[in-house]
Amino acid sequence: MRLDKFVCKSTELTKPEAIEQIRAGDVSVNGCIITDEATQVHENNAILLNGSRLKTRDFRYILMHKPAGTICSNKDELYPSLFNYLEIENVSELHIAGRLDADTTGMVLITDDGRWSFNITRPTQKCSKVYRVGLSRDIGEDVAAKFEHGIALQGELQLTLPAQLEVISAKEVLLTITEGKFHQVKRMFAAVGNRVVSLHREAIGDVNLDLDVGQWRYLTNDEVQSFNR
Ligand code: URA
(Lines give C-alpha, C1' and ligand atoms only; values in the text may rest on other atoms or scores of the structure.)
Protein backbone atom coordinates (compact mmCIF):
# COMPACT_ATOMS: atom_id res chain seq x y z
CA MET A 1 0.00 0.00 0.00
CA ARG A 2 1.12 3.60 -0.51
CA LEU A 3 2.84 5.27 2.41
CA ASP A 4 0.30 8.12 2.62
CA LYS A 5 -2.54 5.58 2.74
CA PHE A 6 -0.81 3.67 5.52
CA VAL A 7 -0.32 6.87 7.54
CA CYS A 8 -4.00 7.78 7.07
CA LYS A 9 -5.16 4.31 8.06
CA SER A 10 -3.11 4.27 11.23
CA THR A 11 -3.70 7.85 12.43
CA GLU A 12 -6.47 10.43 12.49
CA LEU A 13 -4.66 12.42 9.76
CA THR A 14 -6.40 13.36 6.53
CA LYS A 15 -4.60 12.56 3.26
CA PRO A 16 -3.23 16.12 2.76
CA GLU A 17 -2.04 16.17 6.39
CA ALA A 18 -0.34 12.79 5.97
CA ILE A 19 1.40 13.96 2.79
CA GLU A 20 2.58 17.12 4.53
CA GLN A 21 4.12 15.11 7.38
CA ILE A 22 5.78 12.67 4.96
CA ARG A 23 7.24 15.49 2.83
CA ALA A 24 8.46 17.22 5.99
CA GLY A 25 10.57 14.15 6.78
CA ASP A 26 8.57 13.08 9.84
CA VAL A 27 8.03 9.51 8.63
CA SER A 28 10.58 6.71 8.53
CA VAL A 29 10.27 3.22 7.07
CA ASN A 30 12.61 0.54 8.43
CA GLY A 31 14.95 3.24 9.76
CA CYS A 32 15.07 5.44 6.61
CA ILE A 33 13.31 8.79 6.31
CA ILE A 34 10.95 8.59 3.33
CA THR A 35 9.64 11.82 1.80
CA ASP A 36 7.82 10.37 -1.23
CA GLU A 37 4.23 9.67 -0.20
CA ALA A 38 3.75 7.24 -3.12
CA THR A 39 6.37 4.81 -1.76
CA GLN A 40 4.97 1.30 -1.44
CA VAL A 41 5.10 -0.10 2.09
CA HIS A 42 3.92 -3.26 3.82
CA GLU A 43 2.06 -3.48 7.11
CA ASN A 44 4.99 -5.46 8.57
CA ASN A 45 7.45 -2.59 7.91
CA ALA A 46 8.56 -0.53 10.89
CA ILE A 47 6.86 2.75 10.04
CA LEU A 48 7.38 5.59 12.50
CA LEU A 49 5.80 9.03 12.66
CA ASN A 50 7.89 11.43 14.72
CA GLY A 51 9.53 8.42 16.34
CA SER A 52 6.31 6.56 17.25
CA ARG A 53 5.55 3.23 15.58
CA LEU A 54 2.35 3.27 13.53
CA LYS A 55 0.07 0.27 13.34
CA THR A 56 -2.98 0.00 11.12
CA ARG A 57 -6.06 -0.16 13.21
CA ASP A 58 -8.73 -2.77 12.73
CA PHE A 59 -11.82 -0.63 12.52
CA ARG A 60 -15.21 -2.05 13.35
CA TYR A 61 -18.25 -1.62 11.11
CA ILE A 62 -21.59 -2.73 12.52
CA LEU A 63 -25.15 -2.82 11.23
CA MET A 64 -27.95 -2.80 13.80
CA HIS A 65 -31.74 -2.84 13.75
CA LYS A 66 -32.64 -0.12 16.23
CA PRO A 67 -35.71 -0.80 18.37
CA ALA A 68 -38.13 2.01 19.25
CA GLY A 69 -37.52 3.59 22.65
CA THR A 70 -33.72 3.53 22.42
CA ILE A 71 -31.34 6.42 21.82
CA CYS A 72 -28.36 6.80 19.53
CA SER A 73 -26.05 7.89 22.34
CA ASN A 74 -23.17 6.22 24.14
CA LYS A 75 -24.95 6.42 27.48
CA ASP A 76 -28.44 5.91 28.80
CA GLU A 77 -30.51 9.06 29.22
CA LEU A 78 -34.30 9.26 29.20
CA TYR A 79 -34.24 6.07 27.12
CA PRO A 80 -31.67 3.26 27.17
CA SER A 81 -28.72 3.54 24.81
CA LEU A 82 -28.70 1.45 21.67
CA PHE A 83 -25.22 0.34 22.65
CA ASN A 84 -26.71 -1.87 25.38
CA TYR A 85 -27.48 -4.34 22.59
CA LEU A 86 -23.81 -4.66 21.61
CA GLU A 87 -22.14 -7.31 23.74
CA ILE A 88 -18.62 -6.43 22.53
CA GLU A 89 -15.56 -4.76 24.03
CA ASN A 90 -14.71 -1.04 24.05
CA VAL A 91 -18.18 0.11 23.05
CA SER A 92 -17.31 3.65 24.17
CA GLU A 93 -14.97 3.97 21.13
CA LEU A 94 -17.90 3.53 18.75
CA HIS A 95 -20.20 6.15 17.29
CA ILE A 96 -23.28 6.09 15.08
CA ALA A 97 -23.04 7.28 11.48
CA GLY A 98 -26.39 9.06 11.20
CA ARG A 99 -28.48 9.06 14.34
CA LEU A 100 -32.16 8.21 14.59
CA ASP A 101 -34.70 9.72 16.99
CA ALA A 102 -35.75 7.69 20.04
CA ASP A 103 -39.07 6.73 18.43
CA THR A 104 -37.56 5.90 15.00
CA THR A 105 -36.74 2.28 14.22
CA GLY A 106 -34.52 0.63 11.64
CA MET A 107 -31.03 0.65 10.26
CA VAL A 108 -28.09 2.25 12.01
CA LEU A 109 -24.42 1.96 11.12
CA ILE A 110 -21.96 1.96 14.01
CA THR A 111 -18.20 2.35 13.71
CA ASP A 112 -14.98 3.65 15.23
CA ASP A 113 -13.74 4.89 11.82
CA GLY A 114 -14.52 8.61 11.73
CA ARG A 115 -13.44 9.10 8.16
CA TRP A 116 -15.70 6.28 6.94
CA SER A 117 -18.74 7.67 8.74
CA PHE A 118 -18.23 11.00 6.94
CA ASN A 119 -18.96 9.11 3.70
CA ILE A 120 -22.39 8.37 5.09
CA THR A 121 -23.26 11.59 6.85
CA ARG A 122 -21.69 14.34 4.71
CA PRO A 123 -24.37 15.61 2.26
CA THR A 124 -21.75 16.14 -0.49
CA GLN A 125 -21.21 12.34 -0.55
CA LYS A 126 -24.86 11.92 -1.61
CA CYS A 127 -25.26 8.69 0.38
CA SER A 128 -28.94 7.73 0.18
CA LYS A 129 -31.08 6.85 3.21
CA VAL A 130 -34.46 5.25 2.63
CA TYR A 131 -37.22 5.78 5.19
CA ARG A 132 -40.62 4.10 5.39
CA VAL A 133 -42.92 6.79 6.69
CA GLY A 134 -46.40 6.47 8.20
CA LEU A 135 -48.45 9.67 7.95
CA SER A 136 -51.42 11.10 9.85
CA ARG A 137 -53.01 12.53 6.66
CA ASP A 138 -53.27 11.31 3.06
CA ILE A 139 -50.20 12.24 1.05
CA GLY A 140 -50.80 15.25 -1.21
CA GLU A 141 -50.39 14.87 -4.97
CA ASP A 142 -47.88 17.71 -5.16
CA VAL A 143 -45.58 16.50 -2.39
CA ALA A 144 -43.27 14.34 -4.56
CA ALA A 145 -42.55 17.32 -6.84
CA LYS A 146 -41.97 19.63 -3.86
CA PHE A 147 -39.52 17.20 -2.26
CA GLU A 148 -37.73 16.67 -5.58
CA HIS A 149 -37.32 20.44 -5.93
CA GLY A 150 -36.25 20.93 -2.31
CA ILE A 151 -38.27 22.61 0.41
CA ALA A 152 -37.59 25.20 3.09
CA LEU A 153 -37.52 23.71 6.57
CA GLN A 154 -38.43 25.94 9.47
CA GLY A 155 -35.34 27.77 10.68
CA GLU A 156 -33.19 26.77 7.67
CA LEU A 157 -31.96 29.12 4.96
CA GLN A 158 -31.05 26.46 2.38
CA LEU A 159 -33.59 24.25 0.70
CA THR A 160 -33.39 20.52 1.33
CA LEU A 161 -31.51 18.55 -1.32
CA PRO A 162 -33.65 16.73 -3.92
CA ALA A 163 -35.49 13.83 -2.27
CA GLN A 164 -37.51 11.04 -3.88
CA LEU A 165 -40.96 10.00 -2.73
CA GLU A 166 -42.60 6.67 -3.56
CA VAL A 167 -46.23 6.38 -2.55
CA ILE A 168 -47.10 2.97 -1.09
CA SER A 169 -50.62 3.91 0.03
CA ALA A 170 -52.45 7.10 1.01
CA LYS A 171 -50.77 7.22 4.42
CA GLU A 172 -47.55 5.27 3.77
CA VAL A 173 -44.58 6.37 1.65
CA LEU A 174 -40.92 5.63 1.05
CA LEU A 175 -38.71 8.70 1.19
CA THR A 176 -35.09 8.73 -0.02
CA ILE A 177 -32.88 11.56 1.19
CA THR A 178 -29.12 12.17 1.01
CA GLU A 179 -28.69 14.44 4.00
CA GLY A 180 -29.50 14.16 7.69
CA LYS A 181 -30.57 17.44 9.17
CA PHE A 182 -32.02 17.37 12.69
CA HIS A 183 -35.46 15.62 12.58
CA GLN A 184 -35.29 16.04 8.81
CA VAL A 185 -38.03 13.64 7.71
CA LYS A 186 -40.49 14.82 10.36
CA ARG A 187 -39.78 18.45 9.47
CA MET A 188 -40.15 17.80 5.73
CA PHE A 189 -43.64 16.39 6.20
CA ALA A 190 -44.52 19.13 8.69
CA ALA A 191 -43.52 21.66 5.99
CA VAL A 192 -46.18 20.21 3.66
CA GLY A 193 -48.89 20.12 6.34
CA ASN A 194 -48.62 16.45 7.29
CA ARG A 195 -47.34 14.62 10.38
CA VAL A 196 -45.12 11.57 10.70
CA VAL A 197 -46.69 8.91 12.92
CA SER A 198 -44.13 6.15 12.29
CA LEU A 199 -40.61 6.25 10.91
CA HIS A 200 -38.36 3.35 9.97
CA ARG A 201 -35.02 3.46 8.10
CA GLU A 202 -34.85 0.58 5.64
CA ALA A 203 -31.56 1.16 3.83
CA ILE A 204 -28.41 3.25 3.71
CA GLY A 205 -26.48 3.40 0.44
CA ASP A 206 -26.53 -0.06 -1.15
CA VAL A 207 -27.04 -1.87 2.16
CA ASN A 208 -30.53 -3.00 3.20
CA LEU A 209 -31.63 -3.84 6.70
CA ASP A 210 -31.79 -7.64 6.91
CA LEU A 211 -31.99 -8.16 10.68
CA ASP A 212 -34.75 -8.55 13.25
CA VAL A 213 -35.35 -5.78 15.78
CA GLY A 214 -32.47 -5.48 18.28
CA GLN A 215 -30.12 -7.71 16.26
CA TRP A 216 -26.73 -6.62 14.94
CA ARG A 217 -23.95 -7.96 12.72
CA TYR A 218 -20.61 -6.84 11.32
CA LEU A 219 -20.72 -5.47 7.77
CA THR A 220 -19.02 -7.54 5.09
CA ASN A 221 -15.90 -6.09 3.44
CA ASP A 222 -17.87 -5.37 0.28
CA GLU A 223 -20.50 -3.50 2.29
CA VAL A 224 -17.80 -1.46 4.06
CA GLN A 225 -16.16 -0.61 0.73
CA SER A 226 -19.47 0.34 -0.88
CA PHE A 227 -19.44 3.51 1.26
CA ASN A 228 -15.93 4.47 0.11
CA ARG A 229 -16.93 4.97 -3.53
N1 URA B 1 -35.60 12.13 10.26
C2 URA B 1 -36.30 12.29 11.41
O3 URA B 1 -37.13 13.16 11.53
N4 URA B 1 -36.04 11.44 12.41
C5 URA B 1 -35.15 10.42 12.33
O6 URA B 1 -34.97 9.65 13.27
C7 URA B 1 -34.45 10.28 11.11
C8 URA B 1 -34.70 11.15 10.09
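Which residues lie nearest the centre of the largest pocket? The views below concern a predicted model, in which local features need pLDDT of at least 70 and side-chain atom pairs count only at pLDDT 80 or more, while totals for chains, interfaces and linings use all residues. Residues are numbered from 1 along each chain as its sequence is written, and side-chain values use heavy atoms, with hydrogens and water left out.

**View 1. Centre and lining of the largest pocket.** Lys9, Tyr61, Asp113, Gln225 and Asn228 lie nearest the centre of this pocket, which is lined by 23 residues. A pocket here is an open set of points, on a 1 Å grid over the protein atoms alone, where a 1.4 Å probe fits, with protein on both sides within 12 Å along at least five of seven lines; lining residues have an atom within 4 Å of a point.

**View 2. Domains around the largest pocket.** Because domain 1 (3–53) and domain 2 (58–125 + 209–229) both give residues to the lining, the largest pocket lies between them; such domain bounds come from an automatic or database domain assignment. The lining residues divide into 7 nonpolar, 6 polar and 10 charged, where Ala, Val, Leu, Ile, Met, Phe, Trp, Tyr, Cys and Pro count as nonpolar, Asp, Glu, Lys and Arg as charged, and the others, Gly among them, as polar.

**View 3. The second largest pocket and its lining.** Of the 25 residues that line this pocket, Arg99, Leu100, Asp101, Lys181 and His183 lie nearest its centre. Its lining draws at least three residues from each of domain 2 (58–125 + 209–229) and domain 3 (128–204), and by class it has 11 nonpolar, 7 polar and 7 charged residues.
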